[in-house]
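Open the model in your viewer and keep the selection tool at hand.

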Amino acid sequence: MSEWQNLIPLADLEPDDVTPARIGKRRLAVYDRPDGVYVTAARCTHGGADLCDGYLDGNVIECPLHQGCFDIRDGSPLEAPATRSLATFQARKQGDFVQVKMPVKALTI
Amino acid sequence: MKQALTPLTQALGDNALVPRRELKLLMKRSNVPGLVHLFLWMVLLTFTGSLIWFTTDTSWLLAPAMFIHGVVMVHHFALQHECTHYTAFRSRKLCKFLASYCGFLLVIPPLFFRYEHCDHHTYTNQHDKDPEMIPLPENRRAYLWYLSTIPYWSSQFGGMFRRATGKLTKGELKFVPRSEVKKVVLESQLMILGYLLIIALVLTLSWWAPLLYWWLPVMLSEPVMRFIRMTEHAGRPTVADMTRNTRTNIVSSLWRFLAWNMNYHAAHHYAASVPFYRLRDLHEKIKDRVYVEPKGYINAHRDILQRVRAQS
């Protein structure tokens with residue numbers, strides 16, 4: 001079962017950029033865009049680098065290690081060497097928080 | 001999968017020299033400064049190229065003209081380097097195109113260089129880990145041998161021909177992702193094909209322009225690029241600490257222009273995602289915490305030679 005969870009306060013969101021967040025043991029990347037917020041896994045599926053330290057241009061996040069790229073909306077790989085999709089999660093702004101919808105069991109993984 | 005600790009992750013971490021949001025602002029990219037720089041670059045190339053044009057009948061002036069043009073030509077490496085990091089322009093397509101163009105000019109396969117360079121940033125100046133490491137020469141003879149460019153060209157051409165046959169060394173396979181091996185082989189094959197085509201045109205049409213404006217100037221002036229590249233890390237401690245293992249050189253505005261600001265090398269290694277036109281700003285923020293050679297390339301070589309003497 002999935003539930004909406006508070007992820008980070010809106011005040012902590014880096015404007016028009018990517019912000020690191022954590023829920024349970026899971027590290028996530030939160031993207032602030034004019035049309036809302038997006039959340040993906042924080043770790044690049046290729047080399048394991050932290051995408052929160054990457055470069056966000058529009059809806060594309062560039063990995064800081066090999067400059068592979070992903071679409072933050074659906075996690076699809078756009079540029080080599082990224083070949084596998086990133087996990088993405090439903091997200092929204094609610095009150096003073098960014099919320100993410102995750103399976104309850106995922107919070108402990 | 002184990003998390004990879006990139007230099008950028010350290011630079012944006014809690015103990016960073018520059019606050020995260022400040023550094024993120026410096027990382028923002030634009031096409032404008034790069035296009036302006038590129039335009040001036042082409043003006044300079046036209047000027048130095050015209051020096052060759054006007055001296056082709058004056059043999060004693062031709063070699064100096066070729067050398068001057070060659071100094072600009074070999075600095076295409078700086079443009080390729082920036083485009084490899086996608087920090088010369090916001091447009092990735094333009095970066096890719098220019099990285100390929102410069103790589104073809106200088107026999108530096110762009111895709112291979114990109115992956116090699118990623119490991120250079122991850123393991124800067126660490127023995128057996130940094131694939132671009134220029135170690136401190138053992139003695140003066142080794143120092144001059146490196147500057148002669150013979151080992152450099154031998155490695156560039158040898159590596160390209162080997163990879164074109166599909167053979168990558170164990171060391172290369174450490175940094176070239178498995179999914180990219182075929183592309184790396186193909187790019188070497190295409191580059192060789194391109195060179196052969198141009199050689200055929202030179203021979204059949206007696207079209208000497210590539211020789212006069214490209215190959216001879218690059219060969220004549222590559223020692224200058226070796227001289228500069230040696231100052232980036234050689235002689236600095238071989239440790240995983242970029243505040244110590246990298247040397248920033250303070251040089252004149254002309255050299256800065258040619259190097260696309262890569263003389264601020266410690267700043268570049270601190271955060272490789274910062275575009276070339278913001279490196280000076282980053283340098284101002286971290287200059288008291290990194291190694292800076294205030295008297296430029298020449299003094300850096302004095303330091304290198306002192307260390308060579310001390311160890312030999």
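Two residues are in contact if their C-beta atoms, placed from the backbone, lie within 7 Å. Keep in mind that this is a predicted model.

Select chain A. Among its contacts between residues at least 6 apart in sequence, 42% join residues at least 24 apart. Next, colour chain A by secondary structure: there are 10 strands and 0 helices. From one end of the sequence to the other, the pattern reads β-β-β-β-β-β-β-β-β-β. Chain A has a radius of gyration of 13 Å, close to the 13 Å from the globule rule for 109 residues, so it is as compact as a globular protein of that length.

Turn chain A around. Its C-alpha trace spans about 35 × 30 × 20 Å along the principal axes. Of the 109 residues in chain A, 43% are buried.

Now select residues 18-23 and 26-33 of chain A. These are strands β2 and β3, which run antiparallel and are joined by 6 bridges. Zoom in on I23(A); its bridge partner in β3(A) is R26(A). What do β2(A) and β3(A) form? They form a hairpin, with 2 residues between the strands. Click on G24(A) in the turn: its phi is positive, about 60°.

Last, show chain B beside chain A. Here 17 residues of chain A are in contact with 18 residues of chain B. Colour the chain A side of this contact by class, and you will find 6 nonpolar, 6 polar and 5 charged residues.

Technical notes. Residues numbered from 1 in each chain as written. Chains lettered and ligands numbered in written order. Predicted model: local features only at pLDDT ≥ 70, side-chain atom pairs only at ≥ 80, totals over all residues. Nonpolar A, V, L, I, M, F, W, Y, C, P; charged D, E, K, R; others polar. Pairing = 2+ DSSP bridges. Helix = DSSP H or I, 4+ residues; strand = E, 2+ residues; numbered from the N terminus. Rg over C-alpha atoms; globule rule 2.2 N^0.38 Å. Buried ≥ 20, exposed ≤ 12 C-beta atoms within 10 Å, placed from the backbone.
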